[in-house]
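Thanks for coming. Please have a look at it first.

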Amino acid sequence: MKKQSYYISTPIYYVNGAPHLGHAYTSTAADALARWNRLEGHNVFFLTGTDEHGQKVEAAARAAGIDPQEFTDRVSADFQDMARVMNISNDDFIRTTEARHKKSAQALWAKLQESGAIYLGKYEGWYAVRDEAFYDEEETTVKPDGTRVATASGAEVKWVVEPSYFFKLSAFQDKLLAHYEANPGFIAPQAKRNEVVSFVKSGLRDLSISRTSFSWGIPVPGDERHVMYVWLDALQNYLTACGYPEMTGPRAHFWPASLHLVGKEIIRFHAVYWPAFLMAAGMDLPQRVFSHGWWTVEGEKMSKSLGNFIDVRPLVAEFGLDQVRYFLLREVPFGNDGDFSRKALIGRINADLANGLGNLAQRTLSFIAKNAGGAVPPKGELHEADHVLLALADELPEKVRAAMERIAFHEALNEIWRVIAAADAYIDHQAPWSLRKTDTARMNTVLYTLCAVLRVLGVVLQPFMPEAMGKLLDYLAVGEDRSLAALDAPLAEGTPLPTPSGLFPRVVEAG
Ligand code: MSP
């Protein structure tokens, strides 16, 4: 049977500033999905990268007094470092200043031109450099101090008048609406879908897709006074990585993407402009665009003026990598906004990881090491309580699968923690420490049952906490194949187990 393909992307991150919690969030979420799909045995292509052109990046380089290429090299390397620290398992890292991307973006331009979707005109209107976005006057507000800002983002807008090429976005209004209608799952969550549909229904204007007032971008083929609008350039990254325009390389078959994971503020670019470009270029559309919410920090928006950007790397150093990954994916229903606080992070680590999963594993494994010969104990006849717990564990992968398909990490984790709670209750009830004196055969069956449950927990939790679950599966002497399919084989009795140690230390807050 041919393996199912799964292509997932993060947005490519602007390199005007250092990576922070928001970027780590999108990447960790995409990583969990990529890893889950690998566990399913799918053929996965996971792409991330950096968005390096445009006025905003050019201005940041100038402010740093560095040549833009040198500046983007530096910041892109920092994003790659964050991905490494967060254990992001991307298969490729794309930079829009690479030659492969310049070629691909220019080929897309030529294709759009050939299809008659591009014309030359003059742009006159509002532009927000921070958002790299054009706004209609109705989408802006004048603040008491007289500055005009984009209402949705708060970014300052400036009136721009310059020659520009336009993309005939207005011609795609009906086609886009028909696509949303025929593919109800194309934009998620539902509230975002409704927002996009009403935006498109309200009427689409043609989109300015080139700039002449600065030069840090990909030159427009045949008219080098213009550079391509950074969003046209950026969105094309998803096709560049598949080998556009030839589409003959090893990644070509991954197109169309299964999922573009994005933050809520960039849904319009992914669910309106990008599909319209693709339609004009005669390419298939991605299957799904999912938008997640935003994090505030201790109740405040992260911003330059507050200087409260959180870099996740020191958090990882302080609390542990998988602890941070777990928190990000568990704390907030995916799609909603959330608040980051040290208190919430520590609370989760202690309650769910140290006292929950960690304690369950430690109680079971250290007991086996001390009292049951340090090997997977032999299983005797199963009692009703064993059957009930094993059935919960058996049903778990299917429940997690259903939640992951809906991109509901919190629900997947809730299902998993239900089984942890049931296993905790089981161990208390069966009390293997008492059985040790009265009935060692029964004690072994109880411990076997717990090992079997821990194995399932370890396998389904790998996408969320790859390192810690790798350790747990090592402690259970699970072989190299740690996929969902491998759970079909029963845990082998008598397998010697290595000496276990604690997975998640309890965090004690000083002061
Ligand atoms: N360069 C564009 C994307 C181009 S994709 C073709 C861009 N970059 S970004 O660096 O500004 O943001 C990238 C991602 O980080 C978005 O998904 C965004 O939602 C996420 N976050 C940035 N700040 C965030 C929070 N405070 N909270 C959660 N995620 C946020 O947009």
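Let me start with helix H13, residues 384-405, and H16, whose axes are 10 Å apart and which pack at an angle of about 5°. Because angles under 35 degrees count as roughly parallel, that makes H13 roughly parallel to H16. The axes here are lines fitted to C-alpha atoms, for helices over the stretch in contact, with angles running from 0 to 180 degrees between N-to-C directions. Helices are DSSP runs of H or I with at least four residues, strands are runs of E with at least two, and both are numbered from the N terminus.

A word on the source: this is a predicted model, where local features need pLDDT of at least 70 and side-chain atom pairs count only at pLDDT 80 or more, while totals for chains, interfaces and linings use all residues. Residues are numbered from 1 along each chain as its sequence is written, and side-chain values use heavy atoms, with hydrogens and water left out.

Back to H13 and H16. Contact means heavy atoms within 4.5 Å. On the H13 side the contact residues include Asp386, Leu389 and Pro397, and on the H16 side they include Arg442, Thr445 and Val460.

Helix H16, residues 440-461, also meets helix H12, residues 342-371: their axes come within 10 Å and cross at roughly 140°. That makes H12 oblique to H16; the term covers whatever is left once under 35 degrees (roughly parallel), over 145 (roughly antiparallel) and 65 to 115 (roughly perpendicular) are taken out. Among the residues making this contact are Leu357, Phe367 and Asn371 of H12, and Met443, Cys451 and Leu461 of H16.

Next, the ligand. Which residues are closest to the ligand? They are Ile12, Asp51, Gly263, Glu265 and Trp295, out of 24 that surround it, meaning that a heavy atom lies within 4 Å. A polar backbone atom of Gly263 is 2.8 Å from a ligand oxygen atom, and one of Trp295 is 2.9 Å from a ligand nitrogen atom. From His23, a polar side-chain atom lies 3.2 Å from an oxygen atom of the ligand.

Last, some backbone details. The peptide bond from Ala188 to Pro189 is cis, with omega near -5°, and Pro189 sits in the loop between strand S9 (187-188) and helix H6 (190-201). Trp255 and Pro256 are also joined by a cis peptide bond, with omega about 5°. Asn87 is not a glycine, yet its phi is positive, near 60°.

How values were computed. A polar contact is a pair of N or O atoms within 3.5 Å; within protein, one must be able to donate a hydrogen and the other to accept it, and residues adjacent in sequence count only if both atoms are side-chain atoms.
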